[in-house]
Amino acid sequence: MKIINEMKISFPSRSVNESFSRSAVASFAVLLDPRMDELSDIRTAVSEAVTNCIVHAYGDTVGTIEITARILEGNIFYIRIKDKGCGIPDIEKALEPMFTTAPEDERAGLGFAVMESFMDKLTVKSKVGVGTTVTMQKKISRR
Amino acid sequence: MAIEINTNEENLLAKISGELDHHTAATMRAELDEKIKNLNPNKLLLDFSDVSFMDSSGIGFIMGRYKLMKENGGGVEVINAPRGINKVLKISGLDKIITIGRCKNEDNQ
């Protein structure tokens, strides 16, 4: 699909960057003139993916999180969130609602469930010891 | 992110304002749990009317307080959750174990 516009950011996996990253992506998405609820869905999905990188991929270490956001032909907003963290051994299990490897940290195990339901498409690619790439797409309504 | 706490004889009312995510939940959790342990209220009311953003970390935050309150036979109620936040609350199924009060702006939607 033809790329109409693109932006990239990369930042260290510190929790203070959760709010920065979702706001940065949302600011870019504004170019598509989304409705408030669509923008809120994007903001929430990004926050979930970035929090996963911080809590799970890098854990006690700090690594780089890379986000690419694109506006694609057909009013589609595309987001790719990439880390070089520990990777997910069993993606299917990780995608199950309420499954978490960090219950003591009060993780609800709903991150992927939120991404899946707030966006139209979700793809998770991961390799243990190499990292994880999450891509999401959402069609923004024309008005 | 801020938390304003009010108490009467039986209830503890915590009005949360700002963005509730993994980063902000940690400090709020510590502050609120200290009050719960000291005051041992019957009910914890979480007023979300001024919460501008919440992701699933907020669900973990509510569930954690629910467990703590339950240990002493108390309950949790979420009140005034704005519409966007309500969507996250619904996915979690939290409304089946916790009373989710009437939404702000519900009449306009």
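1. Chain B holds an open sheet of five strands in the order 1-2-3-4-5, with mixed pairing. Two strands count as paired if DSSP finds at least two bridges between them. The edges are strand 1 (2–7) and strand 5 (99–100) of chain B, each of which pairs on one side only. Strands of a sheet pair through backbone hydrogen bonds, either parallel or antiparallel.

2. This is a predicted model: local features need pLDDT of at least 70 and side-chain atom pairs count only at pLDDT 80 or more, while totals for chains, interfaces and linings use all residues. Residues are numbered from 1 along each chain as its sequence is written, and chains are lettered from A and ligands numbered from 1 in the order in which they are written.

3. On confidence, pLDDT is the predictor's score for each residue, from 0 to 100. Chain B has a mean pLDDT of 89, with 93% of its residues at 70 or more. For the complex, the predictor gives an ipTM of 0.94 and a pTM of 0.94.

4. Chain B has three helices and five strands. Helices (H or I, at least four residues) and strands (E, at least two) are DSSP runs, numbered from the N terminus. Read from the N terminus on, the elements of chain B run β-β-α-β-α-β-α-β.

5. Within the sheet, strand 3 (residues 43–54) and strand 4 (residues 75–79) of chain B run parallel and are joined by five bridges. Leu46(B) stands opposite Val78(B) in strand 4 of chain B.

6. The radius of gyration of chain B is 13 Å, close to the 13 Å that the globule rule gives for 109 residues, so chain B is as compact as a globular protein of that length. The radius is taken over C-alpha atoms, and the rule is 2.2 Å times the number of residues to the power 0.38. Along the principal axes, the C-alpha atoms of chain B fill a box of roughly 40 × 25 × 25 Å.

7. Which chain does chain B touch, and with how many residues? In chain B, 17 residues are in contact with 21 residues of chain A; contact means C-beta atoms, placed from the backbone, within 7 Å. Helix 1 (22–39), helix 2 (56–71) and helix 3 (83–92) of chain B each supply at least two residues of the side that touches chain A. Helix 2 of chain B gives the most, with seven residues.

Methods:
Two residues are in contact if their C-beta atoms, placed from the backbone, lie within 7 Å.
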